[in-house]
Amino acid sequence: MKISKKISKIGIIGYPIAHSLSPLIHQYWFEKYNVDAEYLSLEIAPDSLKSFFEDIDQYNLRGFNITIPHKVNALNYVDEIDQSAKTIGAINCITINNNKSLLGANYDAKGFMDSLISNYSENIFNKKPVIVIGAGGASRAILYSLINYGIKEIRLSNRTYEKSKILKKYFGNVIKIIPWDEKENSLNDCGLFINTTSQGMIGKDPLDMDISGLPREAIVIDLIYNPIDTDLIKRASLRGNKTLNGLPMLVYQAVPAWEAWFGIKPDVTKELLDLLEKALQ
Ligand code: NAP
């Protein structure tokens with residue numbers, strides 16, 4: 001059965017939005033699952049966010065994703081939020097119910113853990129300490145995900161110490177703060193190394209951190225997907241660590257959005273990941 005176009009508009013809001021990979025992900029699934037829907041990429045400047053929500057009915061959306069810089073401010077315009085959004089303090093997805101109420105959710109945490117577990121056996125990392133570099137918005141989602149999963153020790157290091165303190169206060173004693181200039185000394189028994197900073201993104205300097213103290217069995221994860229192979233990922237693979245870039249997380253966070261919007265759980269296929277990788281080249 002085809003889902004009618006009239007009731008099936010989804011999309012994304014952000015600023016800027018031109019380089020988003022989301023349209024490619026959703027178009028791929030529209031074709032694969034025979035969903036006759038339309039995808040809208042809406043560039044909404046921060047000072048237009050309020051009027052966007054005031055006029056939302058005109059778009060006839062079933063739901064949409066939210067990206068930088070609106071993930072926190074959009075909380076002000078939804079009627080309800082799920083538990084992950086409450087804990088993380090940001091939303092990346094809205095579902096519009098039949099009565100037009102807006103339900104906000106955050107699927108970044110789920111997307112992260114699903115991408116990790118689908119790529120690597122849980123036995124590799126599940127009892128070992130994890131080191132998380134960075135304490136911004138993405139870090140919050142990662143900490144929530146790791147704690148929910150049952151990780152017992154998370155070492156958190158951020159350039160601005162105060163931000164790590166806020167997260168420790170929020171998430172509790174599972175977080176051990178590592179001062180920025182001591183982070184290289186905290187790697188020797190870690191099972192996961194996760195870069196949540198923006199260092200390494202296209203146009204930015206690489207993450208300036210020596211990882212030679214990390215066990216070779218540890219998995220090195222960079223949330224960045226542009227470029228696909230950051231300097232960190234390249235260095236980690238060269239010394240024999242298993243690695244994961246941010247592209248699978250981006251795709252996996254879209255899976256629960258589809259479940260909410262269409263009642264379909266789409267597959268994350270190699271074909272889709274290859275398509276996105278190609279688009280980034
Ligand atoms: P954010 O809230 O702006 O946080 C940025 C983080 O980077 C902060 O911890 C900041 O430290 C750190 N940082 C910035 N410049 C630095 C420098 N020169 N040296 C050391 N640390 C520096 O950004 P975000 O939303 O968390 O996003 C972070 C990254 O995650 C981005 O690359 C984003 O693309 C990626 N991400 C990926 C996905 C995915 O699906 N794969 C999802 C979400 C985010 P200070 O606190 O000291 O400023």
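Two residue pairs are in polar contact across the interface of domain 1 and domain 2, both at pLDDT 80 or more. A polar contact is a pair of N or O atoms within 3.5 Å; within protein, one must be able to donate a hydrogen and the other to accept it, and residues adjacent in sequence count only if both atoms are side-chain atoms. The model is predicted, so local features need pLDDT of at least 70 and side-chain atom pairs pLDDT 80 or more, whereas totals for chains, interfaces and linings use all residues. Residues are numbered from 1 along each chain as its sequence is written, and side-chain values use heavy atoms, with hydrogens and water left out.

Domain 1 spans 8-106 and domain 2 spans 109-247, with bounds from an automatic or database domain assignment. Their centres, taken over C-alpha atoms, are 27 Å apart. Seven residues of domain 1 contact eight residues of domain 2 (heavy atoms within 4.5 Å). The two domains bury about 580 Å² between them, 65% of it on carbon and sulfur atoms. Buried area is the accessible area (1.4 Å probe) lost on putting two parts together, summed over both.

Leu-21, Thr-87 and Ile-88 supply 76% of the area that domain 1 buries against domain 2, more than any other three residues. Zero salt bridges are found across this interface (a side-chain nitrogen of Lys or Arg within 4 Å of a carboxyl oxygen of Asp or Glu).

The ligand is surrounded by 22 residues (a heavy atom within 4 Å). The closest are Ala-138, Asn-158, Arg-159, Thr-160 and Lys-163. Polar side-chain atoms lie 2.9 Å from a ligand oxygen atom at Arg-159 and 2.5 Å from one at Thr-160. At Ser-198, a polar backbone atom is 3.3 Å from an oxygen atom of the ligand.
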